[in-house]
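Please refer to the sequence and structure shown here.

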Amino acid sequence: MSVMSSALFLAQGGGPLAPAPAPEFSIDPPALTAVWPVLIVLGAACVGVLFEAFLPRHQRWPAQVILSLLALAGAGVALATYLTDAPAGGETAIFDALVVDRPALFLWGTLLALALGSVLLIADRSVEPGGAFVATAAIRPGTVQDRAQVTATGMQTEVFPLTLFALGGMMIFCASNDLLTMFIALEVLSLPLYLMCGLARRRRLLSQEAAVKYFLLGAFASAFFLYGVALLYGYAGSVRLSEISAATAGSDRSDTLLFAGMGLLVVGLLFKASVGPFHTWTPDVYQGAPTPITAFMAACTKVAAFGGILRVLQVAFESTSWEWRGVLWGVAIVSMVIGAILGLTQTDVKRMIAYSSVAHAGFLLIGAIALTEKGLSATLFYLLTYGFTTLAAFGVVSLVRDGSGEATHLSQWAGLAKRSPLVAGVFTFILLALAGIPLTSGFVGKFVVFEAAIDDGMAPLVVVALIASAVAAFFYLRVIVLMYFSEPAADGPTVTVPGAFTTAAITLGVLVTLLLGLAPSFALDWAAGGVFAGR
Amino acid sequence: MTTTLAEGVVDASGAASAAWLLLALPALGAAVLLIGGRRTDKWGHLLGSGTVIAAFALAVVTFFGTDFAQQHNLHLWDWISVNQLVIDFGLRIDALSITFVLLITGVGSLIHIYSIGYMNHELRDRRRFFAYLNLFVSAMLLLVLGNSFVTLYFGWEGVGLASYLLIGWYQGKDFAATAAKKAFLMNRVGDVGLALAIFLMFKNFGSTQYTEVFAAVGDAPTGLIVAIGLLLLLGACGKSGQFPLQAWLPDAMAGPTPVSALIHAATMVTAGVYLIARSSPIYSLPQAADARLVVMIIGAVTILIGCVIGCAYDDFKKVLAYSTVSQIGYMILAVGLGPAGYAFGILHLITHGFFKAGLFLGAGSVMHAMNDEGDIRRLGGLWKKMPITFWTWTLGYLALIGFPFLSGFFSKDEIINAALGQEGPRGWIFGGVALLGAGLTAFYMTRLLILVFLGKARWTGLKSADGKDYHPHESPTTMTVPMIILAVGSVAGGFILSMVLPDFLVPAIGEVQETHGALSHTMVGILAVAISAIGAGIAYLIFGRSEQPVERPQRVTFAVRAARADLFGNHLNEALFARPGTWLTRALVYVDNRGVDGLVNGIAAGLGGSSGRLRRTQTGFVRSYALSMLGGSILVVAALLVVRFA
Amino acid sequence: MTSSSNSWLLAALLLLPLVGAAVVTGLRGNDRVAKLTALGFSLAEFALAIGAWIAYAPDGARIQQHFSFDWIPAFGVHISFGVDGIALVMIAVIGLLVPLVIGAGWAEKLPEGRTAGGFFALILLEQALTVGVFAATDVFLFYVLFEIMLIPMYFLIGSYGGARRQYAAVKFFLYSFLGGLIMLASVIALYVMSADELGGQGTFDWATLVQTVSDAPLSTQIWLFLGFFIAFAIKAPLVPLHTWLPDATAEAPIGVAVLLVGILDKVGTFGFLRYLLPLFPAASEALTPLVLVLAVAGVIYGSLLAVGQSDMKRFVAYVSIAHFGFIALGIFAFSSQAMTGSVTYMVNHSIATGMLILVIGMVIARGGSSRIADYGGMAKLTPLLAGTLLIAGLASLSLPGTSSFISEFLVLVGSYPNAPVYTIIATVGMVFAALYVLWLYQRIMQGPLRGAALVGATGGAAPATVEGGGGVAVATEPETKKILDLNSREKWVLAPLVLLIVGLGLYPKPVLATVQPSVDATMCAAGQTDPVQSAERQLQCP
Amino acid sequence: MTPTYYLLLSALLFTIGAVGVLVRRNAIVVFMCIELMLNAVNLTLVTFARLNGDLHGQVMGFFVMVVAAAEVVVGLAIILSIFRTRRTASVDDSNLLKY
């Protein structure tokens, strides 16, 4: 037993334990220009917590909104300023924990813009009086207080700093230079999300259930991720991505460590990216969470998770791609098929978009495993397009309401075009973009990803993806059919005229979707600005 | 781009260069009448007749003003031109075509005039009738005047259309509509043959113009020539109602009688004969011997079929129709004989055009007088009521059965003689069939004469289908004059034409090859007349001496029943094509809905079904989600390790 | 931005219907004004199309009136339009049909809550997109328009169609979309190959692609060919990928059915000519038997099913399927005659079948039913309508003297030398064509007056009088519904079509001369020569 | 005494934790199982640190502990809110969201 397991883990070198050398310990003044955007976001989050502590209740909402928007704008400005003279090959920052290279900057920019849209949705108080969030999270659902809070105007304004914390975690996540940072970032982005999922003003049972499920499964996945990190540490002697990469070229440890570690690590990442078969939480959580949070999760978490996947695969594991690529082919196929097929019979708009996101995760994974510059830039571009489209989609979903809140059951959407042609038109456009119809960003995104994949010799996978797209197109069409070709139900939902915030968020999403469909060149150029440092 | 002309073909000049007017006049008439609509009701019939008469006049002028020792080519415009394929819209004016032109416009004029009277109780629609007739004349002229197989095909289908429109004239009646459709369809079957022949010509000779094809066929292989010959024959069978495509022609009698006279007796149905005569450079080739034999067989079989069925029918026009079938059989037999028979085929075609048109017009006159009654058992004794009709009809009858020195005598006689002149047993077989046919023809025609015009008037006391009494009367002048003219032609035409026509046609279809059978020409003549006399005599013995019942006798021999049932031809068509076709169509509709589309919908349903089942795996239990994650992780890790270490 | 002479014409052709669509959308409030505006725009578009035809020099460059500017430089994508003879005649046909469709849809009863403005705006939008599809000279742009043009059509069927419109619209969309996506794989692969070939930056420019990728190895070509072929075969449609068409045609409003069958479907066969043959010459030749089998199967299968249909609109769909078999046969028989025949077939089919659908629409407008069994003996009431139905039918069965004859004859005569067996089978299809046309005509127009659509409920199909011995029991006289013959608007819609059917049947040269140089060029690009040719009358390669 | 035993032990602990997540109904226990998994990883990390002869693994262990603590805070809050609503902490009772 011992011999065998020893062979299993330490095949190439089970020598006596070496004494640990004294680590070098010196602190250089950290180079912070590159990471100002992250610092601004996290700093603002901390300030937001202080606001909660010290501001009177009625001032919190305006203060938090202004703070969040300022933080995002400031981070954007910092990012833009840094971009003008950023080194082409990227640089590391904060004791080499972060690496700020072109893909990271692109992802940050994407995250900030998507977060801006999400914050606008979160801040909206016109669609649901008082906002989509519970007045006091501690109130038990179904009680008198709960019924009272439904009509109250106050909301749990901690949502704003939580959002900023999650955003900061996401930014760190996709710029991590080592796996430990990545793990910490993963938790920083996840923990606020767990909480925010449970904060819906209406249907609180569902909301809390979503939170519990997301939390338990997220923690479960974190454990896998972490175990993967540990095994890789054992394999490479380091958790730095570049050193793992170097170790794959010539480590004396067993490859079992490498592949088991990698597998567990990737599972953790795929979970966050809601790639099938690790997607099971997605529909439940998307459906249960408050819609602005769902938008935030669907857009930003996807970006961050794929940012991490791209970095890990391209930087750490490129040289072993022959061994793992086939496995991820399979995962991509499973994800596309699950997303496309299960989406067909969904009756809830949010669940349907959740399955759509599972299918899209499969498409993204195709780009991510094309380990070329094209694959990288294509996946980055796809993330940009998908984020904005899905943001707008959930924005629109939040508008269609009846007496008990959002009317997310598809049957309630029948004949919507008659009640509100504009909303139906916008949603149709978004659905067409999700389906990948030309002249929308969704098409260009698919096109560049598939182009990269074919260029990298993955034509069969692309064909599967195309067929899955066709199948998935059915459930988008089904909604269009309902909205346009069906007679409206007598007691159907009304479409709320949104206030400035939601309007701005939806407009942002739709405009970007249209712009990237018509004239994608500039964004394609940004996405192709450079490769990961350390490749 | 024009096509090159062969030897003996010159560009048309003089009167021949105006030949396009021949087509254009009736076409214009048709166009004016169809587009003008009700506005032309008052004078439509006059315009319709006028254009055809003008065309006839022009044909006469052309006939006398042109040197028919040569063939004249009139290029009108480039029709279809794609690289190697160059098809003129052009006419060929030569002895053969001008002969047909004279027949078509001549008989056509008479029948137009006749129709003015015949259609006078359908004033509202009369101009449309004339439009269709004009359309027919125009198409028929294109058929015979076209200078390529494609222009011929144009006219060929054009007359098919006119025939369809006119057979289906009484479109409120289902049987008329069905008969029209049947005619068009069976013609189309023949047209497929013609079309395929054209494709073969283009493939092998690079052209479809007569001049180029005929210049190139000389050294073509036997297989090719036989194939072309048989395919052309298929076309001819369709148009001319030859076996096995004869069934449509009797049904076509559903149309008004002038139509039957013009289209289904005198002109259109003889187009098959024209086609084979026109293609004589192909059929005359030694390689084409087998094809000619098949032509002869078809002709001979058709003669017998037509005669046998003709003996059993009680419908005036249908008897005449089967008579037409069998007479065209003679013509086909004649042209199948090759150079020995082309000219006699044409000769019989012309004389037949006269007397059969006359017979039909007579039939029309009778039916016009008898409330459209066509059942000969309900007629009888009409000779007193309609003397002109009776006498003109009788002259036509005599001409048809080959009464000495009337037109049928000359033409049919020549065919029988040429058939007997074939080598060996062929001569006896085909000659014998032709002789037998002559006897049968005399039999059924005599039966017709007796039942319709002679004997007792069986119609007194009966009522017609629309519940009226019969008041037979002689027809108006517009109807009798054409009948008289045609009767004169039937009497005199044969003698004159047999003198001049064969020589006249030489530049177009070549010298007549003399044949010398076992019997001398005179002997053949006597024999034929004798057999006809026997046939007529038998008919008199059976029908002339006893009273015929008004109701059709049902207790008859199998032979009669078979003949009444078209020798089961329709049953055969029904069993072989119509019913299996219906089944096939129904089966295919089922297959398309349930099979092909079912597969498509099945895939969709399958996806939907699997979706419905798979979503049940999303149980809502967090622990089962965790299980699926764990399972997925184990699979991923295991797969990675397997790939690495396997 | 580059352009050749007269490119403004093409640009105007593309933009005018778009502007029209926008204007008409704005005028939705007033149906009458919207209709007139739409008609005006469509007529102007037609005039422009005629102008473009006049400006086109058949013997000039392959692609004329060309203009191009960058769209997505990263992928070498251009917005690049130009016409050759084939595209030009199709654009002209679109220009012809749209005013007629608008005229025919003038009195269309739209579903409740839909405006004529919206309807016509969508039609104009569809027109702009289809013009773009035919004129695109960039493969990416072609693909984009190929997919985009589904969307207005989807709404036209889904919003304005019959009872099962939802099903039909979704089926139409998914079928075409699936085909398009499969084509996308090939489009991308073309780009990747061109990038390899050209060293780095690939291209989507059609002409450049033809030069760079057409010598790819056969196995590669076959895969790429299939990608394009499936998309085009669905669009065309070839059996067995046809089942969307009967549903779509049956459910679409009449005018939309005309556009669907007359124009949209032609994109498939146009794609055969423009993309399959020049880009994949070796695969085209290798897979010819496959295509020919499908083509001929389509001819026979479509014809037989047309015979078996009980619904007029589905009938037209199956007729079209048979006709598309002929077109495909002509294209893949590889002779300039057959190919020219196929191109003219595309034109003439649009005219003839377009007319057939319009006339059937007029029948349905009167009887209120598309079931054939609801009619009978209608010619008695509406002789002119019957006449036009017959003319349209005769054109569908390719009677000589109609324009369709020219094309069908060319297809068959040209296909025979290379594909005799297929041609013979297809020629037999001529008989079936006669059967389905005449039988339809007989059932609707001929025989005694009958059918629920024409005769009132009192008498029904029962005979008017029942003879019973001496006493005649008179059943209630069946009340013939008030059914009028063609009105002047309908005459104006049909007259140009009749004129063209006969005119082009007698003098097809304008069309033949326009398309033939482009066909010759396609033959040459496909590496084919005519099977029948002589020194002085042969295919001229540029 | 080789590090292999530590690794096997940690793998065993991790597995026990994972199985616990699958089989236990009480949310708190499920959560504790996840904590067990994290701590199993910690053991692995420390073992490898020992094996590699550096401190990285041990430092990482501290990080993990901190993170786990944070997770506990959030997790217990969520579970508590559920418990207050439903009077039960059984995860199987939370299945309104499904299919």
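## Chain C against chain A

In this predicted model, 26 residues of chain C are in contact with 25 residues of chain A. On the chain C side, helix 5 (139-148), helix 6 (150-160) and helix 7 (165-198) each supply at least two residues. Helix 7 of chain C gives the most, with 15 residues.

By residue class, the side of chain C that touches chain A holds 20 nonpolar, four polar and two charged residues.

## Chain C against chain B

Contacts with chain B involve 49 residues of chain C and 42 residues of chain B. Five elements of chain C each contribute at least two residues to this side: helix 14 (288-308), helix 16 (336-367), helix 18 (403-415), helix 19 (420-445) and helix 21 (509-525). The largest share, eleven residues, comes from helix 19 of chain C.

The side of chain C that touches chain B divides into 29 nonpolar, 16 polar and four charged residues.

## Domains within chain C

Chain C is divided into domain 1 (1-284) and domain 2 (287-460 + 478-534). Their C-alpha centres lie 22 Å apart, and 45 residues of domain 1 of chain C are in contact with 45 residues of domain 2 of chain C.

On the domain 1 side, the helices of chain C that each supply at least two residues include helix 9 (218-235), helix 12 (266-279) and helix 3 (85-104). Helix 3 of chain C gives the most, with ten residues. The residues of this domain 1 side are 33 nonpolar, seven polar and five charged.

Technical notes: Residues are numbered from 1 along each chain as its sequence is written. Chains are lettered from A and ligands numbered from 1 in the order in which they are written. This is a predicted model: local features need pLDDT of at least 70, side-chain atom pairs count only at pLDDT 80 or more; totals for chains, interfaces and linings use all residues. Two residues are in contact if their C-beta atoms, placed from the backbone, lie within 7 Å. Helices (H or I, at least four residues) and strands (E, at least two) are DSSP runs, numbered from the N terminus. Ala, Val, Leu, Ile, Met, Phe, Trp, Tyr, Cys and Pro count as nonpolar, Asp, Glu, Lys and Arg as charged, and the others, Gly among them, as polar. Domain bounds come from an automatic or database domain assignment.
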